[in-house]
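Colleague: I am new to this structure and would like to learn how to read it. Could you take me through it feature by feature?

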Amino acid sequence: MTPFNTSSYKKKFHLLLVIVASMGITINFNLKSPSKEHSLLFAIIRVDGKQLRVSTQQNVLTASFDKVKQRCFTSKEKFSMRENKHSEEVNKILDDIVSTTSRIYNSTIPDSDLLASIHSAISDLTDAKKNENTILKMSPIEFFSYYIEQKRVDSHTGRYIGERTKIHQRTVIKRLTDFIKDKRLPDTFATFTSKSFDQQFTDWCYSTKNYKQNTVYTTYGVLKPLLNAAKAEGFEFGDSYKSLKGKCNDTDAIYLTEEEIKKIYQLDIPSLIDAGEIDVKSTIEKTRDLFIIACWTGLRRSDVNRLDKATFDIESKTISITAEKTKQKVVIPMHPMVLALYNKYNGVFPKLCDKGHTIEHLRQCARLAGIDTEVRMVENRGGKVSTLIYKKYQLVGMHTGRRSFATNMYKRRFPTIAIMRLTGHTTESNFLKYIKVSPEENAMMMAEEFFKIKKPFEEDGV
């Protein structure tokens, strides 16, 4: 028989008991059913002649409990590895009960409330441990679902996790659930942390679902933090999952030039309705107007729908609003088109319709405005890379407004940091993803700067 407690642990434990006893309080742990193979363990606490009996909520292997040392012991010969590990965990809880009881006894709590306070503290402690053990019995999918619903603060931003983020995480969990069902894999952490997971999941995404490559990366971007959280909670598994690529490749998303934005702004909606180009009951004009505001403010869809929360200072020609996503206040100069729309609605703006109809409206506006140049897009879908050709109006969405604002301000030579102050981006790397300047446009911009800085090249003998 090999006792769990080392000699130093014994000395520390016996010293604690001596201190507790000398303070007029004794703590003993008794088995409820010593004749059975497993038994619930009770704490018997005596204070100044009064006794408290409270459950530790710990079921122990009766043969492993040492009544003299008042702790469980471990033995490689007598018990399994799992039983020995459980004994170690029980001992830690018993230590916590002793130290908690001693702390309360030594506090300024009146004697009449002492036992009640000790009972409450031990109950809170054991309930927390019981909840912790319940969590550790969850499957990965169960834990992921439980974890994202908790009220949590993002350690990177210092803000509570928003509902939009949780919706995205739920979508990923649904995707992972479908994956293990389709592949008939067990809902265990080994499934998601094995070296073969990346290949299995990618193959499923491509061959079964025909997903894009970025869908795989987006999934990993959510899965990895969830596995980190599981590990911090006490689940045990390897680190192979940390090599999964969690960052998406940059997409060939479009932006609208200032001239194209102007064309959409100048669409005569009533005339188009009269001509039968637009349904008379359509709310397309309101969608168009709100999109123009996004193009000249860089606001996200969620903030365009909250313009009633913004402050429009007509005198200084600025708009102030606290972004819903980042909770960061931005102050944006008011473009003449935005000012005109403010006056059109007397400062009381409409709301966007659902996303599906919003996209339909915007693409119809862009088509009617003649924004139909061909756009080539490289796409990795289902593991096959292909080049697709679209009409530009087919790619317009609400987020095109924010991307257009950032790109057009960049082309106007505004400093990157100044534009970021308007868009609310906190890192330049994320901001630069919004800049959609072609190689040709970039070369022309640099050439223009060369000619501003010095005389034409031919005069320099170039």
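**Reading the model**

Modeller: The secondary structure of the protein comes to 18 helices and 10 strands. The model is predicted. Buried residues make up 41% of its 462 residues. Of the contacts with a separation of 6 or more, 58% are between residues 24 or more positions apart.

Colleague: Which residues touch the most other members in the largest nonpolar core?

Modeller: The general idea comes before the case. In soluble globular proteins, nonpolar side chains tend to be buried together. Here the largest nonpolar core has 54 residues, and I264, F291, F312 and F349 touch the most other members. Helix α11, residues 284-297, gives the most to this core, with eight residues. Apart from it lies another core, of 31 residues, with I135, I173, F189 and A230 among them.

Colleague: What does F312 touch, leaving out residues up to four places away in sequence?

Modeller: F312 touches L307, T318, I319, M334, V338, Y342 and F349. Both F312 and F349 were named above for their contacts within the largest core.

Colleague: Next, the packed helices. At what angle do α5 and α8 pack?

Modeller: Two packed helices are described by the angle between their axes and the distance between the axes. For helix α5 (residues 163-182) and helix α8 (residues 213-233), the angle is about 100° and the axes are 10 Å apart. Because angles of 65 to 115 degrees count as roughly perpendicular, α5 is roughly perpendicular to α8.

Colleague: Which residues of α5 and α8 meet?

Modeller: On the α5 side they are H168, Q169, V172, I173, R175 and L176, and on the α8 side T215, T218, T219, V222, L223 and L226. The residues of this contact of α5 with α8 divide into six nonpolar, five polar and one charged. I173 is also among the residues of the 31-residue core.

Colleague: How do α11 and α14 cross?

Modeller: The axes of α11 and helix α14 (residues 355-368) cross at roughly 80° and come within 9 Å. These two helices are therefore roughly perpendicular to each other. I284, T287, R288 and F291 in α11 meet T358, H361, L362, Q364 and C365 in α14. The contact of α11 with α14 has four nonpolar, four polar and one charged residue.

Colleague: Now the strands. Is β2 largely enclosed or largely open?

Modeller: Seven of the 10 residues of strand β2 (residues 38-47) are buried, so β2 is largely enclosed by the rest of the structure. Strand β1 (residues 25-31) runs antiparallel to β2 and is joined to it by seven bridges. F29 has A43 in β2 as its bridge partner. The hairpin that joins β1 to β2 goes through six residues.

Colleague: How many bridges join β2 to β3?

Modeller: There are 10 bridges between β2 and strand β3 (residues 50-61), and the two run antiparallel. In β3, R53 is the bridge partner of I44. β2 and β3 form a hairpin with two residues between them, and D48 in the turn has a positive phi of about 50°.

Colleague: Which residues other than glycine have a positive phi of about 60°?

Modeller: The background is this. Most residues other than glycine have a negative phi, and most peptide bonds are trans. K317 has a positive phi of about 60° although it is not a glycine, and so does K327. K317 lies in the loop between β6 (311-313) and β7 (318-322), while K327 lies in the loop between β7 and β8 (329-333).

Colleague: In what order do β6, β7 and β8 lie in their sheet?

Modeller: The three strands form an open sheet in the order β6-β7-β8, with antiparallel pairing. β6 and β8 stand at the edges with a single partner strand each, so one side of each is left without a neighbour in the sheet. On average, neighbouring strands of this sheet are turned by 15° against each other, direction ignored. Three bridges join β6 to β7, and T311 has S320 in β7 as its bridge partner.

Methods. Residues are numbered from 1 along each chain as its sequence is written. This is a predicted model: local features need pLDDT of at least 70, side-chain atom pairs count only at pLDDT 80 or more; totals for chains, interfaces and linings use all residues. Side-chain values use heavy atoms; hydrogens and water are left out. A nonpolar core is a set of buried Ala, Val, Leu, Ile, Met, Phe, Trp, Tyr and Cys residues joined through side-chain atoms within 4.5 Å. Buried means under 20% relative accessible area, exposed over 50%, partly exposed in between (1.4 Å probe, protein chains only). Helices (H or I, at least four residues) and strands (E, at least two) are DSSP runs, numbered from the N terminus. Contact means heavy atoms within 4.5 Å. Two strands pair if DSSP finds at least two bridges between them. Axes are lines fitted to C-alpha atoms, for helices over the stretch in contact, and angles run from 0 to 180 degrees between N-to-C directions. Angles under 35 degrees count as roughly parallel, over 145 as roughly antiparallel, 65 to 115 as roughly perpendicular and the rest as oblique. Ala, Val, Leu, Ile, Met, Phe, Trp, Tyr, Cys and Pro count as nonpolar, Asp, Glu, Lys and Arg as charged, and the others, Gly among them, as polar.
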